[in-house]
Amino acid sequence: MKYLSTRGHVDRKRFCEILLEGLAPDGGLYLPESYPKVDDITLTNWRSLSYADLAFEILSLYIDDIPAAELRAICRKTYTEAVFGTQEIVPLKPLEPGLYLEALSNGPTLAFKDMAMQLLGNLFEYELGRRGEELNILGATSGDTGSAAEYAMRGKRGVRVFMTSPHGRMSPFQQAQMFSLQDANIHNLAVRGVFDDCQDIVKAVSNDLDFKRRFKIGTVNSINWARLVAQVVYYFAGYFRATRRNAEKVSFTVPSGNFGNVCAGHVARMMGLPVERLVVATNENDVLDEFLRTGVYRVRGSMDTHETSSPSMDISKASNFERFVFDLLGRDGTRVRALFGEQLGSTGRFDLGGDPAFGLARERYGFLSGKSTHADRLATIRSTWERFGVMIDPHTADGVKVARQYLQPGVPMVVLETALPIKFAATIVEALGCEPQRPLKFAGIEALPKRVSVIPADVRVVKDYIARVCA
């Protein structure tokens, strides 16, 4: 299996090379040269597998430079009841007829990012140990990626983490999860700006090839293909739990700001998973909803990025979206480079509404979308609690609200849960008048000493910080 850049770079690389690299040399994102196809017999054989063994079967289609026995061992080490709280790993919860929640938030940091990040930590440690090398991970988080990465990488041999986050824009619980960590290999950088500023810094550092090589910079954001392919697994698991026969189809609704989570669903569908619709749910920062309705992709600046009660989706520049556009445009790297590398940088927008390819987003790839507001998520949290006795976080509420717009008779709709409610306690209290349950291991976390540096939104400041730590 070889990987190519969405922007047409001539190099083709194997999995373990791109695992440690992040962005391609031309600023593009890596994708496999082709998606492996899964047939009916394979789906039947996979139905009875444990989550860890399902992960191995799917990942082994994309990873052929780690011996099979060792890859299986990594998967079994990662996906355990001890780490994820249940033997099922991602149990399916019925809400109303035809509508389900797939529970992805039982990991160490109570968010779906753990599903991929725990695997990534073990893959990094394995590959760095095999090479005898070190890696400096630079990441950006709007809330959950950062804590998931830090908990997965803390104490890992050969790994340092430098995590940027928007100063003051995460919930107190999210901040405490990250900033209370005292591990020597974890460095938190709170950027005066929004998530997109953090993401721009990560991309700028990754595009400085000399700095990237000198300081061995890697990424854990979903621009890293390993993160995304690990998320493909729970689409298969959710499908198997929502159906009895391979002839049945399932739709998924995914709360998404950066397009990484739902892009994994796109990959699963391209592999042959019987997915009817992939519904993207956004909050007031509706860049993705606007594109899927009109064909216009229009990024917003910091001043036009709303601060909302589903803060992990307060994103106006969806970095993973480039992967889908690459497929949508027939894998034309030259055209993708013109759109994302040139036009977006100069005008902040592009318009595919008049392009015949735009219609394929819905017709061939099954994408639909909708948006949810603060009032919507409060109402959805309240009704879900009152009707079903199930408490959901604000991002999952965005998903449930939008999912109800696209329910189809006979087609189960699975909403991907994104986090446990405790991470956004203030909004839960506003909706329900009561505090969400807090796991004992996080009691009093907000009062713990903080280890964080507040910095301006400046690439040079981040580079200097990394250079000092690595000196």
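Reader: What classes make up the lining of the largest cavity?
Author: The lining has seven nonpolar, 14 polar and three charged residues. Ala, Val, Leu, Ile, Met, Phe, Trp, Tyr, Cys and Pro count as nonpolar, Asp, Glu, Lys and Arg as charged, and the others, Gly among them, as polar. The model is predicted: local features need pLDDT of at least 70, side-chain atom pairs count only at pLDDT 80 or more, and totals for chains, interfaces and linings use all residues. Numbering starts from 1 along each chain as its sequence is written, and side-chain values use heavy atoms, leaving out hydrogens and water.

Reader: What makes a residue part of the lining of the largest cavity?
Author: A lining residue has an atom within 4 Å of a cavity point; such points lie on a 1 Å grid over the protein atoms alone, where a 1.4 Å probe fits but cannot get out. For the largest cavity, 24 residues qualify. Phe112, Lys113, Gly257, Asn258 and Ser312 lie nearest its centre. Helices H7 (144-153), H11 (225-242) and H12 (260-271) each give two or more residues.

Reader: What is the volume of the second largest cavity, and which residues line it?
Author: The volume is about 50 Å³. Ser142, Pro166, Arg169, Phe195, Pro311 and Asp314 line it. By class, that is three nonpolar, one polar and two charged residues.

Reader: Why do S3 and S13 count as edges of the sheet?
Author: The open sheet runs S3-S4-S14-S9-S10-S13. S3 (92-94) and S13 (367-371) each have a single partner strand, so one side of each is left without a neighbour in the sheet.

Reader: How do you know that S3 pairs with S4?
Author: Pairing takes at least two DSSP bridges. Three bridges join S3 to S4 (residues 99-102), so the pair qualifies. The two run antiparallel. Leu101 in S4 is the bridge partner of Lys93.

Notes. Helix = DSSP H or I, 4+ residues; strand = E, 2+ residues; numbered from the N terminus. 1 Å grid on protein atoms, 1.4 Å probe; cavity = no way out; pocket = protein on both sides within 12 Å on 5 of 7 lines; lining within 4 Å. Points joined across faces, edges and corners; volume = space filled by probe spheres on them.
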